[in-house]
Amino acid sequence: MKVSLYLGKYKGIKVFIHWTFSLLLLWIIISNIRSGAAIEDTAWSLLFILAIFLCVILHEFGHALTAQKYGIQTRDIILLPIGGLARLERIPEDPRQELQVALAGPLVNVVIFFFLSIIIYLAGIQLELAEDTHVDGETILLFLASANLFLALFNLLPAFPMDGGRVLRALLSLRMPRVKATQIAGGLGQFMGIAFVFFGLFYNPILVLIGIFIFLGAQAEVTHTTQNALLKGFSVQDVVMRTFPIIAFDAPLSKAIEKLLEGQSTHFVVVKDDAPIGTLSREDIMRGLKEGGESTAVENVANLSPLKLSAYDPLENAYKTMSTGTKKVALVFEENLFLGMIDLENISEFIMVKLALTK
Ligand SMILES: [Zn+2]
């Protein structure tokens, strides 16, 4: 997050603004100067952009606060020049909840639109002024109102993982398995992503970025949902490696290298008095070799506070912990009995086998 500026937080949700955002502001200033606009006009343009992004923040809070209602926290909200992103801890699996969370964002913009429309009406601002293309004290509310209407409609396009795409996935999920619904919504999302890139090349470079973002996002989420569905119903004991190489905590690294070269394992269980106390990976060994040479004791480079899992833990959770955390290997216990170890590669193989079987 070092590349982002912290703006503040509300209800425990922090808001950051990405550094590239300053490029957008810079671009507005430079293009205003080049077109010979007055300083006052440039100031209005900047104010207008900042006001739009405030609306984008409110849109993201619409998602985040609705998710919070269902016990889902939001890691943060980040503002990019192409829009905002509320990074929810997870997406609700209940289609009705997903529907509400997805709709809440655009709904905020619709509310702002009506709110501004009332002010415009009460202030007696002439709608014809909007035909004038530059922003000033008189037109800013008109432009802001139409921008909010645009934000609501654009986000509701069925381009998964944009809001409209999530609405589509949720609606489909009411009638079919979630994986199938995600594949359909994701396929349409990728198609629209490509269409955005294509149109963007002719009309708007920001649309190109959004298109790429949608294309990759749809792909990642289809993979993620498919994998999780395959892992559902299985627990850690279904993939635990019951045969594994061990190494004593006080052995020198030269011993570990010997074992590494003679077998296929890339992870060792570190033992002390026959009890497992940690893990040693190939990377640990290489790091130890560079820093202290072959005589370094295993305990100096091993991970002695390893991830520990119960044999009954859902495989889905284990996969999430290991793929998002720093520990890519875990020791597995049944009650107090040590069963073996599990690593990300195990789970990936398991997913591959299941995928092959379903096709
Ligand atoms: Zn949204």
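**View 1. Where domain 1 and domain 2 meet.** Seven residues of domain 1 are in contact with 10 residues of domain 2, contact meaning heavy atoms within 4.5 Å. Domain 1 covers 4–231 and domain 2 covers 236–358 of the protein chain, with bounds that come from an automatic or database domain assignment. The C-alpha centres of the two domains lie 42 Å apart.

A note before the next views: this is a predicted model, in which local features need pLDDT of at least 70 and side-chain atom pairs count only at pLDDT 80 or more, while totals for chains, interfaces and linings use all residues. Residues are numbered from 1 along each chain as its sequence is written, and side-chain values use heavy atoms, with hydrogens and water left out.

**View 2. What is buried between the domains.** Together, domain 1 and domain 2 bury about 740 Å², with 68% of this on carbon and sulfur atoms; buried area is the accessible area (1.4 Å probe) that two parts lose on being put together, summed over both. Look for Q227, L230 and L231: they supply 75% of the area that domain 1 buries against domain 2, more than any other three residues. One residue pair, both at pLDDT 80 or more, is in polar contact between the domains. Such a contact is a pair of N or O atoms within 3.5 Å; within protein, one must be able to donate a hydrogen and the other to accept it, and residues adjacent in sequence count only if both atoms are side-chain atoms. The count of salt bridges (a side-chain nitrogen of Lys or Arg within 4 Å of a carboxyl oxygen of Asp or Glu) between the domains is zero.

**View 3. An open sheet of four strands.** Here the order is β1-β2-β3-β4, and the pairing is mixed. Strands (E, at least two residues) and helices (H or I, at least four) are DSSP runs, numbered from the N terminus, and two strands pair if DSSP finds at least two bridges between them. At the edges are β1 (4–10) and β4 (83–88), each pairing on one side only.

**View 4. Strands β3 and β4 side by side.** Strand β3 (residues 74–80) runs antiparallel to β4, and six bridges join them.

**View 5. Two loops with backbone details.** In the loop between α4 (140–155) and α5 (163–173) you will find P161. A cis peptide bond, with omega about 5°, joins F160 to P161. The loop between β6 (267–272) and β7 (275–281) holds D273. Although D273 is not a glycine, its phi is positive, at about 50°.
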